[in-house]
Amino acid sequence: METIDRTAPAETSTHETSLTTDRVTEGIRALILAGELPPGSRIGQEELAARFSVSRIPVRVALGRLESDGLVVLKPSSGAWVARVDLAECLEIYMIRERLEPLALAQSIPNMTDEHIDLLERLVEDMAASTDTETFLKLDRMFHLASYADAGMKQLLAMIERFWNTTQHYRRAFTSLLGRERNWIIHAEHRLMVDAIRRRDTEGAAHLLTEHIRRTRCELAQCSDMFPNPESPRKRRRKSV
């Protein structure tokens, strides 16, 4: 008698479902990071399901994942929204980054190969040659996260990436505001960091990175118009009188 393997279809189905959810997750992530779904906007699950030609189930699972990444806020009564931060929250994130990212870089440098450092240098030069904001942002993210990749600290790197995710939209607005005439400062700082990394100067590279993040934080503090301005309950009551 022929034996029927009833487990294979289920395993295949589970695998396909996982691949579909992964695809939808990365697709929604790309839409948010590219600014197509701006901070504070409501996420239409039916529209996304149609866009990716899937049911709403993988969309819901994907949104749950993206909430863990700091990109989405799920509200039981009103659905899913793209996460946003106000100015105070953004400045707090940058203060935390000033501590965390130099640690990750210092831990990563001793484990870097010369080929990895060559890659970082190429990313820096590609950034300097870029002519549009989106290319710059993509290369800048790649450069910094790649410089931490050899730290061997999964929890730390996950925290750093989450902070990068939640501030992506504001970096885009800030970069556009600076314009190419001010970007030379960023490129110079990147080149100095690569030079310190190549010399295996962990202390120097970490110091340069701290100042790099701090300078951006101080400049962001002068750009309050880019951020939502939530009113306190007291202010709202005063206006309603």
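User: How much accessible surface does the chain have, and what share of it belongs to carbon and sulfur atoms?

Analyst: Keep in mind that this is a predicted model. The chain's accessible surface comes to about 13,900 Å², and carbon and sulfur atoms hold 54% of that. Seen by residue, 42% of the 241 residues count as buried.

User: OK, now the fold. How many helices and strands are there, and in what order do the elements run?

Analyst: You'll find 11 helices and three strands. Starting at the N terminus, the order is α-β-α-α-β-β-α-α-α-α-α-α-α-α.

User: What share of the contacts join residues at least 24 apart?

Analyst: Take the contacts between residues at least 6 apart in sequence: 74% of them join residues at least 24 apart.

User: Where do S53 and R200 lie?

Analyst: Look in the loops. S53 is in the one between helix 2 (45-51) and helix 3 (56-68), while R200 is in the one between helix 9 (180-198) and helix 10 (202-220).

User: Is S53 buried or exposed? And which class does R200 fall in?

Analyst: The class follows from relative accessibility, and exposed means over 50%. S53 is at 66%, so it counts as exposed. R200 is at 33%, so R200 counts as partly exposed.

User: What about S130: where is it, and is it buried or exposed?

Analyst: S130 is in the loop between helix 5 (114-129) and helix 6 (133-148). Buried means under 20%, and S130 counts as buried because its relative accessibility is 10%.

User: Which backbone oxygen does the side chain of S130 reach?

Analyst: That of M127, at 2.6 Å.

User: Last topic, the rings. How many aromatic pairs are there?

Analyst: The count comes to zero aromatic pairs. For a charge over a ring, the idea is to check how far the charged end is from the ring centre, with a cut-off of 6 Å, and whether it is within 35 degrees of the ring normal.

User: Which ring does the charged end of K75 sit over, and which one does R97 sit over?

Analyst: K75 has its charged end over the ring of W81, 5.3 Å from the centre. For R97, the charged end sits over the ring of Y94, 4.7 Å from the centre.

Technical notes. Residues numbered from 1 in each chain as written. Predicted model: local features only at pLDDT ≥ 70, side-chain atom pairs only at ≥ 80, totals over all residues. Heavy atoms only, no water. Helix = DSSP H or I, 4+ residues; strand = E, 2+ residues; numbered from the N terminus. Buried < 20%, exposed > 50% of the residue type's maximum accessible area, 1.4 Å probe, protein only. Polar contact = N/O pair within 3.5 Å; in protein donor to acceptor, adjacent residues only side chain to side chain. Contact = heavy atoms within 4.5 Å. Areas by Shrake-Rupley, 256 points an atom, 1.4 Å probe, with all protein chains shown as cover. Phe/Tyr/Trp six-rings, centres within 6.5 Å; stacked < 30°, edge-to-face > 60°.
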